[in-house]
Amino acid sequence: MNGEQIKNALQLVKKNDTDLRHVRVSQVQHDTRKVTENTCFVCIVGAVVDGHQLADEAVAKGATLIVAEKELSVAVPVLYVNDTQKALAQLSVLATGNPSSKLGMVGVTGTNGKTTITHVVASILDDNNRSSGIIGTMYSKIGDRQIPVANTTPDSLTTQQLLADMVADGLTHCTMEASSHALIQGRVRGIDFDVAVFTNLTQDHLEYHHTMEEYFLAKSLLFSQLGNAYGEQGKQKLAVINIDDAYGERLIPLTAANVLTYGCQGRGDIQAQNVVVTNHGTSFDLLFLGEIYPVTMKMIGDFNVYNILAAFGACYGLGLASEAIIRSIAKIEGVKGRFQLVPNHRGVTAIVDYAHTPDGLENVLKTINKFAEGAVYCVVGCGGDRDPSKRPVMADVAMTYATHPVFTSDNPRTEDPTEIIKQMTRHLSGNKYVEIVERREAIEYALSKAEKHDVVLIAGKGHEDYQIIGTTKHHFDDVEIVNDYFAKH
Ligand SMILES: CC(=O)N[C@H]1[C@@H](OP(=O)(O)OP(=O)(O)OC[C@H]2O[C@@H](n3ccc(=O)[nH]c3=O)[C@H](O)[C@@H]2O)O[C@H](CO)[C@@H](O)[C@@H]1O[C@H](C)C(=O)N[C@@H](C)C(=O)N[C@H](CCC(=O)O)C(=O)O
Ligand SMILES: Nc1ncnc2c1ncn2[C@@H]1O[C@H](COP(=O)(O)OP(=O)(O)OP(=O)(O)O)[C@@H](O)[C@H]1O
Ligand SMILES: N[C@H](CCC[C@H](N)C(=O)O)C(=O)O
Ligand SMILES: [Mg+2]
């Protein structure tokens, strides 16, 4: 690439008549730590650092061109735009050859269910001779490679590079999570989604979005940016929306794409009826286009019925036949750390689950109450440096739906774990619950108290194999701790 091509790809807010054809650009980058010779450096205003203040450093490291939204005085040409996040997305698409246009792209947003749905969609596609990559909370998955990611939805440059790798590896599809932070920060701008899925919207991340209305606005961007009903090559664009969620209903007029709704309460294009949940699976009837498909699956819980309906809609939108999708659903094993049963010799139903929001926790506990024969222990904490307003609500949920809540630490991050637990429980009274700050101790306590037929839910960290204390990640794995305990007792 050269500077002139970069200039032409951007909407400049300050005229630039300099001929930039001689400016060589070997990569686009927003991080000085990755700047090399002939880099086009894009200055992003972050929460911690302002990239504009690092422009000189970028030039010293070899940047030949700068893209900025604030006035700069540096030794190389500067292109000025209104919004450097948007420019980064546009240039990332340019630099990688617009890979999303070559993939069947599914974006999933909503408070809960994104990771689950991306995995279910990928399993169904793979089972039907497609090959699907994943970008999300656990990793970015390209074929057998699992690439660690810092964010559920990476920055636009990383995302486009991952998509380009998927195309290079011959993948046909990609399903990715679009977090609300990412939507606001433009990390998914420039992605040519074919299908956008909405799961649900309940309280989370209010430390960042401030109000539910702002949080909804963030989520809605995936749908308002979905384009019209016909994509580049006449491909249909489709929004798959949970109609049982009032926010889902509000999304419908915001998108120009076709819409398929789903629900379990008698409304929607795709419906579930006659749901039966046990401690080893779920069955229900899926209604679509006048047909009734009986579904039996290993995934447990009403909330997973919603996830399956969403995945069904997405796969149908990508061109799979209903019957083929239904056949594949029966084979799905479930997703790591999502209602994961940990087998043991004591007759205790031990479950590790990633519920870390009030709604997630309520759904999981309600599901457990459908089949629990004995007491229900719930080991749960709340993450530090995350929405403090959800803390007392999550404690209330545990108090309402569990027999024995055990309040403990999640990832304390830079907060004092004792103080987080205090914020969860300060309004509670009585002796129904216990507080044990050390998470391992709390898990072992619940397991030691549980008897045959009791359930122990260990919530909040699911697949995570670490605990973040301060800014350090320590190895920590809920499933491993449960297995260790049962091996010894
Ligand atoms: C609050 C937030 O969303 N922060 C995200 C944001 O970082 P930031 O604003 O702090 O960036 P910054 O460190 O100030 O840097 C600003 C600019 O300077 C550059 N820089 C910085 C340092 C340096 O030495 N050199 C340099 O060039 C950076 O590359 C960047 O371009 O942009 C970064 C790049 O995209 C993200 O990695 C980072 O996510 C942080 C790690 C984070 O914890 N985010 C969470 C809240 C988040 O995004 N979560 C959602 C999932 C939520 C959910 O649904 O559950 C997610 O998608 O992960
Ligand atoms: N459709 C759903 N509705 C409500 N709760 C759900 C739903 N699906 C999953 N959950 C609960 O939320 C937890 C997280 O699920 P999942 O990882 O699929 O969500 P996510 O949206 O990817 O979360 P994150 O934003 O942290 O990445 C699960 O472990 C389960 O407890
Ligand atoms: N993506 C979510 C994950 C929360 C998981 C929980 N274990 C915590 O650390 O709060 C977040 O970053 O808010
Ligand atoms: Mg996720």
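Some housekeeping. This is a predicted model, in which local features need pLDDT of at least 70 and side-chain atom pairs count only at pLDDT 80 or more, while totals for chains, interfaces and linings use all residues. Residues are numbered from 1 along each chain as its sequence is written, and chains are lettered from A and ligands numbered from 1 in the order in which they are written.

Back to α3, residues 84-96. The expected span of a helix is 1.5 Å times one less than its number of residues. For the 13 residues of α3 that gives 18 Å, and the end C-alpha atoms are 18 Å apart, which agrees.

Buried means 20 or more other C-beta atoms within 10 Å of the residue's own, exposed means 12 or fewer, and partly exposed is in between, with C-beta atoms placed from the backbone. In α3, 11 of the 13 residues are buried, so the helix is largely enclosed by the rest of the structure. Among them are L88, L91 and V93. The cover over the buried residues includes α1 (3-9), β1, β2, β3 (63-68) and α5 (156-168); contact means C-beta atoms, placed from the backbone, within 7 Å.

V35 sits in the loop between β1 (27-29) and β2 (39-42). V35 is buried, with 21 other C-beta atoms within 10 Å. Leaving aside neighbours within four places in sequence, V35 contacts Q29, F41, A58, K61, G62 and A63. V35 and A63 are 28 residues apart in sequence, yet 6.8 Å apart in space, C-alpha to C-alpha.

Next, the domains, whose bounds come from an automatic or database domain assignment. The protein chain is divided into domain 1 (3-96), domain 2 (99-329) and domain 3 (340-488). The centres of domain 1 and domain 3, taken over C-alpha atoms, are separated by 46 Å.

Another helix to check is α8, residues 212-224.

Now the ligands. A residue counts as near a ligand if its C-beta atom, placed from the backbone, lies within 6 Å of it. How many residues surround ligand 2? There are 22, and the closest are G113, K114, T115, A355 and G360. At least two residues of this shell come from each of α4 (114-127), α10 (302-317) and α12 (358-371). The largest share, 4 residues, is from α12. Domain 2 and domain 3 both give residues to the shell, so ligand 2 lies between them.

For classes, Ala, Val, Leu, Ile, Met, Phe, Trp, Tyr, Cys and Pro count as nonpolar, Asp, Glu, Lys and Arg as charged, and the others, Gly among them, as polar. The shell around ligand 2 has 5 nonpolar, 12 polar and 5 charged residues. Around ligand 3 there are no nonpolar, 6 polar and 4 charged residues. The residues around ligand 3 include H356, R386, D410 and K461.

Methods: Contact = placed C-beta atoms within 7 Å.
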